[in-house]
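Please walk through this structure with its pockets in view, and then turn to the packing of a pair of helices.

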Amino acid sequence: MGSVSAPKIILYTNHRCPWAHRAHIALAELGLEYTEEIIDLSVPRTPEYLKVNPRGLVPSINYNGSIVTESAIVAQFLADAHPSHLVKTSSEEGGALQRARIAYFVDAYFSKVNGGFWGILFAEGEEKEKLAEAFVDNVVKEVEPLLHDAAPFFGGSKKLTLAEVQTGSFLLRVIHLPKYEEVPLLPKSLLTGLESKAPAFWKWANAVVAEKSVNYIFDVEAIAKGTAAMIAKRKAAAK
């Protein structure tokens, strides 16, 4: 795909970070080989990594010697550098419109819905249930109408698109963490609410998380335990 010679890619990542996970999905869907460097997010970044990305965030990629940072930009860059089923080029027929619709969809998910997910994680007792209900209501209002033609993926696509690359790692947490009873982070009402009130989203999200390119680095136990530890640490620091 893309250029004749395969690019030399180093991915700086952390498997527990959903933002970094976006790059993994893009690379897998594009069939690109890469070298991986795991960045420990629990300690201050090394001087070496701060030279790669002064913000200290993941993911970053070194692509043939050029550094690209910020997860959405990394995923978009890879899709643009290697034209594929993920998204049409803007010069292709219908390409500009498809790109606009994907951009709108991804913005809707992250600006209107995703923030509420993290609120549920930090809440306790009845507040958890209330916030889970609000999350479902936001999905129904903001995202459900945009998935009316998913078949099973965005815009009627039979294969993953850039919309799924940008949201898949977050969907894994929405769909799987409520089922992981050993670490009770999310109420099961989140799943029953989505299934009953947002059927298009429910069908789409379950199709997305079943894809190997989306779930191949996802370890629900490690994510659940790591998230619980992070929440406990933040709550302790806030006291």
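**Pockets and a helix pair**

The lining of the largest pocket draws at least two residues from each of α1 (18-30), α4 and α10 (220-238), where helices are DSSP runs (H or I, at least four residues) numbered from the N terminus. This is a predicted model, in which local features need pLDDT of at least 70 and side-chain atom pairs count only at pLDDT 80 or more, while totals for chains, interfaces and linings use all residues. Residues are numbered from 1 along each chain as its sequence is written, and side-chain values use heavy atoms, with hydrogens and water left out.

With 7 residues, α10 gives the most to that lining. The largest pocket holds about 860 Å³ of space and is lined by 28 residues, of which Arg16, Cys17, Leu41, Met230 and Arg234 lie nearest its centre. A pocket here is an open set of points on a 1 Å grid over the protein atoms alone, where a 1.4 Å probe fits, with protein on both sides within 12 Å along at least five of seven lines, and lining residues have an atom within 4 Å of a point.

The second largest pocket holds about 270 Å³ of space, and Gln98, Arg101, Asp149, Phe154 and Gly155 lie nearest its centre among the 14 residues that line it.

Helix α4 (residues 95-122) packs against helix α5 (residues 126-143) at an angle of about 175°, with the axes 8 Å apart, the axes being lines fitted to C-alpha atoms over the stretch in contact and the angles running from 0 to 180 degrees between N-to-C directions. That makes α4 roughly antiparallel to α5, a term for angles over 145 degrees.

Terms used: Angles under 35 degrees count as roughly parallel, over 145 as roughly antiparallel, 65 to 115 as roughly perpendicular and the rest as oblique. Grid points are joined across faces, edges and corners, and a volume is the space filled by probe spheres set on the points.
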